[in-house]
Structure formats: structure tokens, C-alpha cells
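Please keep the sequence and the structure open while reading.

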Amino acid sequence: MKIISANQIRALDKVTMKNKNISSIELMEHAGQELYTEIYKKHAAAKTFAICCGNGNNGGDGLVLARLLHQQGCRVIIFCSSGKEKKSDENLKNFLSLEKLGVPILRFEEIKPIKDVIWVDALFGTGLNQSLAGKWREIVNKINNLEGKKIAIDVPSGLMADKIGATEDVVFQADETLTIGQPKLTFFFHETGKYVGDFKIIDIGLDENYLNFLPSDFYFSSTKEIKKIYSPRERFSHKGTYGHALIIAGSYGKIGAAVLSTQAALRAGAGLVSNYTPRCGYDILQISAPEAMTLTDVNQNFLTQFPAVENFKSIGVGPGLGQEKTTQRAFFGWLEQTNFEKKNLILDADALNFLSLKKNYLKFLPSNSILTPHPKEFERLAGKTTNSLERINLAREFAQELNIILVLKDAYTAVISPSGEVFFNSTGNSALSTGGSGDVLTGIITGLCAQGYSTLVASKLGVWLHGKTPTLARSKASEESFTASTILAYLGLAFNQLNSKD
């Protein structure tokens, strides 16, 4: 799903009205109707809806919503500015119709605590291009400090669609956001996404042909789109059909990382999985992952050499390797001397830490390699940035320069292609913030690459499957009790979600 800029959103609205021969107020009516349907379906039992409406078209959407809720018998209170002359034409028409209906209309100065209320933010939409100041800052700050569930229309007021403001900005703190048409880039960064809550996309029938024409480097990987890239297994197939994956991982005290990534490669569907580990890991891996073949280094506690790769389709390297100088030297020599033609290389954890120490070895990465850093690992590789948007843009440059794929792990993990396109993942929650989670992701992607998925598709599919597991486990495992092993336990159910017809 394409993510477009605020300017493109305005252009899309205009083209939709022209091509569908509808007026601005008719488009507003349709948006209000869709918002009403969603809110009434979920919150019909609410005692009061307090709808705060600005003077523009976002406020107009809120006024249409207020009218429809009122006509359905809900108790509605509108808070807005005084002075009808300041409102947009569409906003004013809806304001006047509400006056005739007798809906209570109060001024912002009259905002006060209301029992059993849902606060609806329809103050500013995507047109906001600066931080809130003056009375608007005071209004939003006041609502934030009142009790009651909070819903934002399109974008929480105070957020800008395309950029990150200052840390001291005041922003409407939404529990959920009903965003119109397309997700907004600002939703996916920790500095700004924390104000959005859960977001849902409200389809109001904007012109698809023009949307497809609009250029963008940012996308949201919805379940619908992930289903399109997933390939179910064939009936007439065998283990050779699904490739041979190799996991190079583990050191004394960190063999668990090798276990997790090996099991993940198996459960992701690789036909065969081998692992290469120090001798101290042999018994552990043979017992914990009997379906895999275990190869060992000559050294007891850490790797002193890396294996040949001729027999493998994909190679995942890094979980739990440790920081021994001997292992580092062996890794650099292997990376420089190995022919990775027709192989998929996936690097994580200590493999990334090695590269951050000697960045000149980045040039030896084969095209379309996958690197899976968390923010600190990426910082060590590419340099510091001041915010998440800067980091994404630096990551795009990094991926393009090296012709690789980055899986930048975060609340919304971003898969970045060699051409600089960014695909934000749609699954996952804080349950994945646990030791070993990244090791499992490395194994999943390695297992998918072994089956013939391209590295870009395997990355997008892998992070979706990985992120889906805590949602599926919610009835039996809290976010606090969720572990990396729980990801493995629910990975099969995540695949079933892609096989379903829903």
C-alpha cells in the first residue's frame, strides 16, 4: 500500500472530485459516513461523543460525523471556534446544518471533564505543516489531560504527515486513529507514532488510477499484499524443492542463538537445514534441532573458520558468534574469498558488529545480501542520525550504495530495497522486544530464501510472519511473557493466516 505526501494527498482529492464528478462537500459527506460507520460499530455504547472540530475540512469531516451520530440517537457535543467567517465553505455548511438540528455547540474555552466520553479530534488534518502554537496548543494539551478514550480523524492534531517535529511539541494523544485513504509516513516513527495509537485505514473511494500514478518510495506491507507474494507449497514436491539453508551461529554460552535460528529456518519451510557451530554446540543442536544437520568447527568454544557454501542456497550468519578476534578474522577472510554467486547471504548480530569494525569489508557483500540491524547496529554501520526519518533516509542511501537489502528492525520494521524503496511492516508489537527474537527472524528469512523467494520478498514475508506470532499468541501469552521460543511455536499459525481465504 503506497504512502504518499501531504501535497500528493491534496492532489488526489482534487483528481477524485474531477474524475468522479463530485463536489468537495460530497466527498466530505462520504468521508464522514465512513467514519461514522467505523466509530458507531465499535463505540455505540459510549455515553457521549465530544467532537472537537477545526475550521478546515478535517473539522468538516468531524461535523458530518457529529450529525450522523446525533441522528442515530447518540449524545453529541461539538467544540469549535467562534466566528463562522473563519471556517471553510464546506465546514460552514455542515456547521449551520448542525445548528438547525439543535446539536449542542460549545466553544473550545468550555472544554471540561465529561463522564463516559469519547473525545474525537477533528482539529487539523494533513494540511498542518508546523507545530501547534497559541490556543491550539492549549486546546490539545487540555484534552490530553482529560479522562476518556481518544480518537483522531486522519492524523492526530499536532502531527505533520511528512516530517518529525520538535520533542517539545504538543500532539493529540490518540488511542486510535482513523486515517483516510492511505497511511501517513509519520505513523511509522517512534517519535511520532506514539501519538497515533492503533490506526485503521478508512477507504473513501479515492481515484485508484491517479494513486497508482503518483510516485512514492514508501509503502505499507498490508496482509492483503503479503498474501500476494506468498507461495503455498506444491503437492508434487520433495525436500530438494525447498532448498538447503545453512546457519552459521553460536559460541560458548550463546549456542541458544544457533538453536533458535536453526529451528526458525526449519519451521519457515526450508527443505534441508544445516548449521555450523563450535564443538561445544554439537550435542545441544543435535538434541534441540534433530531435523537439522550439525557441522562443527575444530575449536571447542568459538569459530576459527567458516565453511564452504557450494551446497547451500541461503546462508544466515551472525547469531551468537561472539567477538573473538579469531572469529572476526575468519569471517573477513571468508567474506572476501567466497564466491556467493546464486547464493543468498543474510547477516545479523555479531556479523554486523564485525562489519562495523572494518567497514571496508562491506564492499565484499554480494548484491542483494540482507542485513538485519536493530537501530544501534545500524548506527554503528552507517553513522548517527538525529531522528527516525533521518535514519530511514540514511538507510536508503546505504542500501542503494551497496546494492543490498536492509531489514531495519523497529516497532514498524522497515524493509529497504537496493533501489531505496521502503516497506513498513504491518505486524508486530512490543512482545518481540525480547532476547533471541532477532535470531529467529534471521532463521525465518534464511529458510524462506532457501525455498526460492527473492531476498526482497523473503525479507518482507519474513518480518510479516515474525510479527504476526505475538498477535496469534495473545490469548495464551502476554507481551511480557512472550519469548523467542514462542515465535517458533506460533509460526505455523502465522503461515495459516496466509493460506486462509479471508
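**Overview**

Eleven strands make up an open sheet with mixed pairing, in the order β1-β9-β18-β17-β16-β15-β14-β13-β10-β11-β12. The edge positions belong to β1 (2-3) and β12 (293-296), each of which has a single partner strand, so one side of each is left without a neighbour in the sheet. The model is predicted. A further open sheet has seven strands in parallel pairing.

- Strand β9 (residues 218-221) and strand β18 (residues 422-425) run parallel and are joined by four bridges. Within this pair, Phe-218 has Val-422 of β18 as its bridge partner.
- Helix α14 (residues 388-402) lies across β9, β15 (370-371), β16, β17 and β18. The angle of α14 to β16 is about 155 degrees.
- Strand β10 (residues 244-248) pairs with β13 in the parallel sense, over four bridges. Ile-247 has Gly-316 in β13 as its bridge partner.
- β13 also pairs with strand β14 (residues 344-347), again parallel and over four bridges. Here Val-317 is opposite Leu-347 of β14.
- In a regular strand, side chains alternate between the two faces of the sheet.
- Strand β13 (residues 314-317) is covered on both faces. Ser-314 and Gly-316 are buried on one side, and Ile-315 and Val-317 are buried on the other.

**The seven-stranded sheet**

- The strand order is β4-β3-β2-β5-β6-β7-β8, and the pairing is parallel.
- β4 (105-107) and β8 (198-202) are the edge strands, with a single partner strand each, so one side of each is left without a neighbour in the sheet.
- From one strand to the next, the twist averages 20 degrees.
- Strand β3 (residues 76-80) runs parallel to β4 and is joined to it by three bridges. In this pair, Ile-78 is opposite Ile-105 of β4.
- Helix α2 (residues 24-43) packs on this sheet and touches β2 (48-53), β5 (117-122), β6 (149-153), β7 (176-180) and β8. The direction of α2 makes about 155 degrees with that of β7.

**Packing of helix α15**

- Two packed helices are described by the angle between their axes and the distance between the axes.
- Helix α15 (residues 437-450) and helix α16 (residues 455-472) have axes that come within 9 Å and cross at roughly 135 degrees. This angle makes α15 oblique to α16, and the crossing is right-handed.
- On the α15 side, the contact with α16 involves Ser-437, Val-440, Leu-441, Ile-444, Ile-445, Leu-448 and Cys-449. The α16 side contributes Thr-455, Ala-458, Ser-459, Leu-461, Gly-462, Val-463, Leu-465 and His-466.
- By class, the residues of the α15 and α16 contact are ten nonpolar, five polar and no charged.
- α15 also packs against helix α17 (residues 484-499), at an angle of about 35 degrees and with the axes 9 Å apart. The crossing of α15 and α17 is right-handed.
- Ser-437, Val-440, Ile-444 and Leu-448 of α15 meet Ala-484, Ile-487, Leu-488, Leu-491 and Phe-495 of α17. This contact has eight nonpolar residues, one polar and no charged.

**Two residues: Tyr-412 and Ala-414**

- Where does Tyr-412 lie? Tyr-412 is in the loop between β16 (405-408) and β17 (414-416).
- Tyr-412 has a relative accessible area of 22% and is partly exposed.
- Beyond its neighbours within four places in sequence, Tyr-412 is in contact with Phe-187, Phe-188, Phe-199, Phe-424 and Asn-425.
- Tyr-412 is 401 residues from Ala-11 in sequence, and their C-alpha atoms are 27 Å apart in space.
- Ala-414 is part of strand β17. Is Ala-414 buried or exposed? Its relative accessibility is 1%, and Ala-414 counts as buried because buried means under 20%.
- Leaving out residues up to four places away in sequence, Ala-414 touches Ile-392, Leu-406, Val-407, Leu-408, Val-422, Phe-423 and Phe-424.
- Ala-414 and Trp-334 are 80 residues apart along the chain, with their C-alpha atoms separated by 29 Å.

Conventions:
Residues are numbered from 1 along each chain as its sequence is written. This is a predicted model: local features need pLDDT of at least 70, side-chain atom pairs count only at pLDDT 80 or more; totals for chains, interfaces and linings use all residues. Side-chain values use heavy atoms; hydrogens and water are left out. Axes are lines fitted to C-alpha atoms, for helices over the stretch in contact, and angles run from 0 to 180 degrees between N-to-C directions. Angles under 35 degrees count as roughly parallel, over 145 as roughly antiparallel, 65 to 115 as roughly perpendicular and the rest as oblique. A crossing is left-handed if the near helix is turned anticlockwise from the far one by less than a right angle, and right-handed if clockwise. Contact means heavy atoms within 4.5 Å. Ala, Val, Leu, Ile, Met, Phe, Trp, Tyr, Cys and Pro count as nonpolar, Asp, Glu, Lys and Arg as charged, and the others, Gly among them, as polar. Buried means under 20% relative accessible area, exposed over 50%, partly exposed in between (1.4 Å probe, protein chains only). Two strands pair if DSSP finds at least two bridges between them.
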